[in-house]
Amino acid sequence: MKCLFIVNPAAGRNNSYRIWKDIRPHISFPYDFTFTSAPGEATKIAEDAARQGFERVVAVGGDGTVSEVVNGIAGKDAELGIIPAGSGNDFVKALNVPQKPLDALAAIKRGRSQEVDLGRHDGGFFINVAGVGFDAETLHTNRNIKFLRGSLAYVTSVILTLVRYSPKNAKITIDGKTYHRKLWLVAVANGQYFGGGMKISPDSKIDDGLFEVCLVNEISRLEIVRFLPRVFNGGHKEHRAFEVIRGRKVKIDFETPTMVQTDGEIIGLTPVTFSLQPKALRVIRSEE
């Protein structure tokens, strides 16, 4: 079994490199490894690895690194492995991949894999959650805050976005049926978690052939402030503003161009179309 580890040393606030040094002496099977040095590089490396016959490509990093590797091996024979080494590590929660790096390495050695669905858009694939509206705008704000880091930067980004962002009229078309709503955000979910542990889509399954399209309808700013903390444990599910529609093809158009993110990376502005690719990738998971 040819295995390549792709290590993003900048992931997890530069914690990924330390994790790689810790696990490397414990790798007991043949492998190669490489480091990334720029955003997007992992996609090209993974694509080349699959072409060269590597049967397993392991992302050592966070959700962004995982997404880049997915875009390199989607539609090819290579399996995806994950050593969680980012700040959020949202996607691995859907797979029960151990959060401890050595336990994740043990799961990769055992090699039990699962076929999972992928989302697709004009620019590539996503494996976890795509978002339009408040979450993507917050992410964009966070990326432009240079003087703060970590949780303080994220909280500041939420506050700044709340001040300037308002619910917008939107047209959502799901499997040919159109819905008109005024929305804070739309999350097109394959996995359950996004935003560093927010359980936006509690009922999502990564292998059921359907997106959970999660809509957060218009409520006051005060109410959205109360709503957001409940998302971390899925407690928002019964809130009157929360609506879920299932489907395989989703077109989203807001009244004004609005930020779009996939797997935590800004990909552009609305309008945008997502389609689900059933069982398009094999991912190594825990045996639990």
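Colleague: On a 1 Å grid over the protein atoms alone, a cavity is a set of points where a 1.4 Å probe fits but cannot get out. How many cavities of 30 Å³ or more does the structure hold?

Modeller: We are looking at a predicted model, in which local features need pLDDT of at least 70 and side-chain atom pairs count only at pLDDT 80 or more, while totals for chains, interfaces and linings use all residues. Residues are numbered from 1 along each chain as its sequence is written, and side-chain values use heavy atoms, with hydrogens and water left out. A volume is the space filled by probe spheres set on grid points that are joined across faces, edges and corners. The number of cavities of 30 Å³ or more is 1.

Colleague: Which helix gives the largest share of the lining of the largest cavity?

Modeller: The largest cavity has a volume of about 30 Å³. Its lining residues (an atom within 4 Å of a point) are I82, V97, A104, A107, I108, I284 and R285. By class, 6 are nonpolar (Ala, Val, Leu, Ile, Met, Phe, Trp, Tyr, Cys, Pro), none polar (the others, Gly among them) and 1 charged (Asp, Glu, Lys, Arg). The largest share, 3 residues, comes from helix 6.

Colleague: Are helix 2 and helix 6 parallel or oblique to each other?

Modeller: Helices (H or I, at least four residues) and strands (E, at least two) are DSSP runs, numbered from the N terminus. I19, D22 and I23 in helix 2 meet P101, L102 and L105 in helix 6 (heavy atoms within 4.5 Å). Their axes, lines fitted to C-alpha atoms over the stretch in contact, come within 10 Å and cross at roughly 60 degrees, on a scale from 0 to 180 degrees between N-to-C directions. Angles under 35 degrees count as roughly parallel, over 145 as roughly antiparallel, 65 to 115 as roughly perpendicular and the rest as oblique, so helix 2 and helix 6 are oblique.

Colleague: Which helix gives the most to the lining of the second largest pocket?

Modeller: A pocket is an open set with protein on both sides within 12 Å along at least five of seven lines, and the second largest pocket has a volume of about 170 Å³. Two or more lining residues come from each of helix 4 (63-73), strand 6 (124-126) and strand 14 (265-269). With 4 residues, the most comes from helix 4.
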